[in-house]
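Morning, everyone. Let's get it on the screen.

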Amino acid sequence: MARVLIVEARFYTHLNDMLLEGARAAIEQAGHSHETITVPGALELPGAIGLAAESGRYDAYVAIGVVIRGETYHFEIVAGESARGLMALSMDGLAIGNGILTTEDEAQALTRAKPTEKDKGGEAAKAALAMLALRERFA
Ligand SMILES: Nc1c(NC[C@H](O)[C@H](O)[C@H](O)CO)[nH]c(=O)[nH]c1=O
Ligand SMILES: CC(=O)[C@@H](O)COP(=O)(O)O
């Protein structure tokens with residue numbers, strides 16, 4: 001049984017709850033255990049996963065968050081840098097699923113967050129588990 005850490009940027013509570021539901025269901029259906037920690041925003045996700053990885057307690061990580069375009073260039077920073085940070089951690093060998101939605105509006109985010117629709121939380125959890133399986137295969 002793998003130990004999966006879900007790291008959630010709690011910026012849009014109602015959307016996060018749906019992403020979390022999907023991620024937890026996917027991990028449980030695969031027979032693994034999970035814990036969840038919360039950070040303020042998507043920019044904190046890579047740093048939090050990096051800190052958690054140093055503990056050696058977890059086998060895989062799922063990053064959950066929602067970034068919705070506003071009026072300024074801030075969207076590009078938050079969306080791009082959070083993904084870049086996760087990618088850097090992946091290249092260091094961590095098994096990570098990226099469940100950060102980056103959308104134009106709330107309607108796009110809602111469709112993607114709902115477990116009964118695009119289920120991006122579940123998709124990210126499955127990606128993390130797939131990367132863990134690959135790591136074990138090449139160990
Ligand atoms: N605008 C969004 C943010 N912004 C906050 C940053 O992620 C960060 O917490 C802040 O700059 C302090 O370091 N975060 C989201 O998750 N979603 C957004 O739409
Ligand atoms: C991530 C964003 O773009 C957003 O939340 C910030 O909005 P704004 O650009 O209107 O300050």
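**Helix contacts and a pocket**

Start with helices H1 and H5: they cross in a right-handed sense. Keep in mind that this is a predicted model. H5 covers residues 120-137.

How closely do the axes of H1 and H5 come, and at what angle do they cross? They come within 6 Å, and the angle is roughly 40°. That angle makes H1 oblique to H5. Now the residues. From H1 we have Leu-19, Gly-22, Ala-23, Ala-26 and Ile-27. They meet Lys-120, Gly-121, Gly-122, Ala-125, Lys-126 and Leu-129 of H5. By class, this H1 and H5 contact has six nonpolar residues, three polar and two charged.

Next, H1 and H4. On the H1 side, the contact uses His-14, Leu-15, Met-18 and Leu-19. On the H4 side, it uses Glu-106, Ala-109, Leu-110, Arg-112 and Ala-113. Six residues of this H1 and H4 contact are nonpolar, one is polar and two are charged.

H2 is residues 45-55, and its axis comes within 8 Å of the H3 axis. The two cross at roughly 25°. Angles under 35 degrees count as roughly parallel, and H2 and H3 are therefore roughly parallel to each other. H2 brings Pro-46, Ile-49 and Gly-50 to the contact. H3 brings Ser-82, Gly-85, Leu-86 and Leu-89. What classes do the residues of the H2 and H3 contact fall into? Four are nonpolar, three are polar and none is charged.

Last stop, the largest pocket. Its volume is about 220 Å³. Fifteen residues line the pocket. Which of them lie nearest its centre? Those are Phe-11, Val-67, Ile-68, His-74 and Val-78. Two elements give two or more residues to the lining: strand E3, residues 60-68, and helix H3, residues 74-91. So much for location; here is the make-up. The lining has nine nonpolar, four polar and two charged residues.

To close, go back to H3 on the screen. H3 contributes to the pocket lining, and H3 also makes the contact with H2.

Terms used
Residues are numbered from 1 along each chain as its sequence is written. Chains are lettered from A and ligands numbered from 1 in the order in which they are written. This is a predicted model: local features need pLDDT of at least 70, side-chain atom pairs count only at pLDDT 80 or more; totals for chains, interfaces and linings use all residues. Side-chain values use heavy atoms; hydrogens and water are left out. Contact means heavy atoms within 4.5 Å. Helices (H or I, at least four residues) and strands (E, at least two) are DSSP runs, numbered from the N terminus. Ala, Val, Leu, Ile, Met, Phe, Trp, Tyr, Cys and Pro count as nonpolar, Asp, Glu, Lys and Arg as charged, and the others, Gly among them, as polar. On a 1 Å grid over the protein atoms alone, a cavity is a set of points where a 1.4 Å probe fits but cannot get out, and a pocket is an open set with protein on both sides within 12 Å along at least five of seven lines; lining residues have an atom within 4 Å of a point. Grid points are joined across faces, edges and corners, and a volume is the space filled by probe spheres set on the points. Axes are lines fitted to C-alpha atoms, for helices over the stretch in contact, and angles run from 0 to 180 degrees between N-to-C directions. Angles under 35 degrees count as roughly parallel, over 145 as roughly antiparallel, 65 to 115 as roughly perpendicular and the rest as oblique. A crossing is left-handed if the near helix is turned anticlockwise from the far one by less than a right angle, and right-handed if clockwise.
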